[in-house]
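The following exercises concern a single protein chain. Please study the sequence and the structure, then work through each task and its solution.

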Amino acid sequence: MPELPTLAVQNLSIDYRTRRGFVQAVRNVSFEVYPGEALALIGESGSGKTTMGTSIVRLLPSSAVVKGGRIVYRRGTTHESSQPHQLELDTLRLDDKQLRAFRWRECAMVFQGSLNAFNPVLRICDQFADTSKAHGGPQGKALEERGKTLLNLVRLDPGRAWSAYPHELSGGMRQRVLLALSLLMTPQLLILDEPTTALDVLTQRSIMDVLRDLRSRLNFSMIFISHDLALAAELADRVATAYAGRIIEIGSTRRVFALPRHPYTRGLIRAVPTLRTDKESLASIPGTPPDLVHLPTGCKFHPRCTFATEQCRQEDPPIEAVSDDARHEVACWHAFVPPPSATPAALGVMGGEAR
């Protein structure tokens with residue numbers, strides 16, 4: 001039987017109530033994450049990436065309105081026909097008790113502000129204890145053994161970090177403690193929202209190495225939200241480009257970075273400086289992202305697109321599979337395959353690694 005996705009987001013739409021009107025933060029978004037897979041959500045600030053992530057664990061602010069769609073989570077997705085799923089649920093329809101059981105046990109989220117994620121007057125061991133108690137996890141000696149094992153997995157000295165206050169740890173150490181804490185209940189899905197923001201390059205490398213090691217050991221699925229294309233290319237199996245609240249391209253990492261089919265994805269890649277390209281190869285995307293309260297007609301990227309036609313200005317394209325790759329989908333009336341010489345930055349971003 002074919003493998004079913006761990007997570008399936010189906011036609012999700014989310015608005016925010018503001019004095020100016022409704023901000024259309026997420027518009028009819030659909031994507032899937034399979035067991036053991038890492039999906040990167042990339043795009044400019046304000047493209048809806050974080051809203052997509054927080055909606056899965058129901059951490060949206062009170063001003064958010066879910067206009068439609070489903071978020072289907074599955075645990076135990078491989079089974080014989082005589083054996084039902086161990087768990088299948090729509091996270092948008094969970095009551096408070098079910099939601100508490102879902103968070104941390106099934107899905108955990110790591111935010112970018114590591115210092116803000118901790119209570120400053122509690123030691124790390126107490127942060128673990130509070131989380132475990134709230135979600136029905138281990139207590140006492142079992143909790144300490146589990147916590148120290150996880151701290152060791154993220155390459156921290158358990159003897160030091162377990163009894164430390166958050167301010168006694170560096171930014172990179174706090175971020176790794178957050179990773180360990182997110183894995184306390186062995187979730188099947190981990191969501192990371194800009195986990196390396198404000199960290200230096202060497203610390204970013206350390207976090208990436210830890211994440212890669214944890215995935216190989218624990219085999220969890222992952223959604224990696226980032227505007228850093230180099231990190232996304234290194235860590236993810238598939239990449240989804242978000243623009244104006246919608247996913248406009250999704251496919252395998254190597255495919256999307258080597259042969260981007262949407263002009264916006266191509267623009268993002270060409271704007272990344274690498275060691276292999278000269279300054280003449282770099283090009284910024286003209287214009288600014290659209291006003292999400294008053295979106296333009298047709299394709300929302302057309303005011304910034306050099307390939308826009310009258311059809312682009314009048315009709316919003318559906319996202320469809322490209323003819324030569326069923327798993328590579330793009331929302332563009334004029335999706336194209338650029339010659340290899342047109343995307344010199346792509347190979348630099350990929351770092352030459354095989355995927």
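**Exercise 1.** Is Asp291 buried, partly exposed or exposed?

*Solution.* The model is a predicted one.
Step 1. The relative accessibility of Asp291 is 32%.
Step 2. Buried means under 20% and exposed means over 50%, with partly exposed in between. Asp291 therefore counts as partly exposed.
Step 3. Asp291 forms a salt bridge with Arg20, and their closest N and O atoms are 2.5 Å apart. This pair links distant parts of the chain: Arg20 lies in the loop between β1 and β2, and Asp291 in the loop between α10 and α11, 271 residues apart.
Step 4. Arg20, with a relative accessible area of 53%, is exposed.

**Exercise 2.** Determine which strands stand at the edges of the open sheet of four strands, and why one side of each is left without a neighbour.

*Solution.*
Step 1. The strand order is β2-β1-β4-β5, with antiparallel pairing.
Step 2. Strands β2 (21-33) and β5 (87-90) are at the edges; each has a single partner strand, so one side of each lacks a neighbour in the sheet.
Step 3. From one strand to the next, the twist averages 10°.

**Exercise 3.** Describe how strand β4 is connected to β5.

*Solution.*
Step 1. Strand β4 (residues 64-75) is joined to β5 by four bridges, and the two run antiparallel. Arg75 stands opposite Leu87 in β5.
Step 2. A salt bridge also forms between the side chains of Arg70 and Asp90 (3.6 Å, N to O). Arg70 belongs to strand β4 and Asp90 to strand β5.
Step 3. Arg70 is partly exposed at 39% relative accessibility, whereas Asp90 is buried at 9%.

How values were computed:
Residues numbered from 1 in each chain as written. Predicted model: local features only at pLDDT ≥ 70, side-chain atom pairs only at ≥ 80, totals over all residues. Heavy atoms only, no water. Pairing = 2+ DSSP bridges. Axes fitted to C-alpha atoms, helices over the stretch in contact; angles between N-to-C directions. Salt bridge = Lys/Arg side-chain N within 4 Å of Asp/Glu carboxyl O. Buried < 20%, exposed > 50% of the residue type's maximum accessible area, 1.4 Å probe, protein only.
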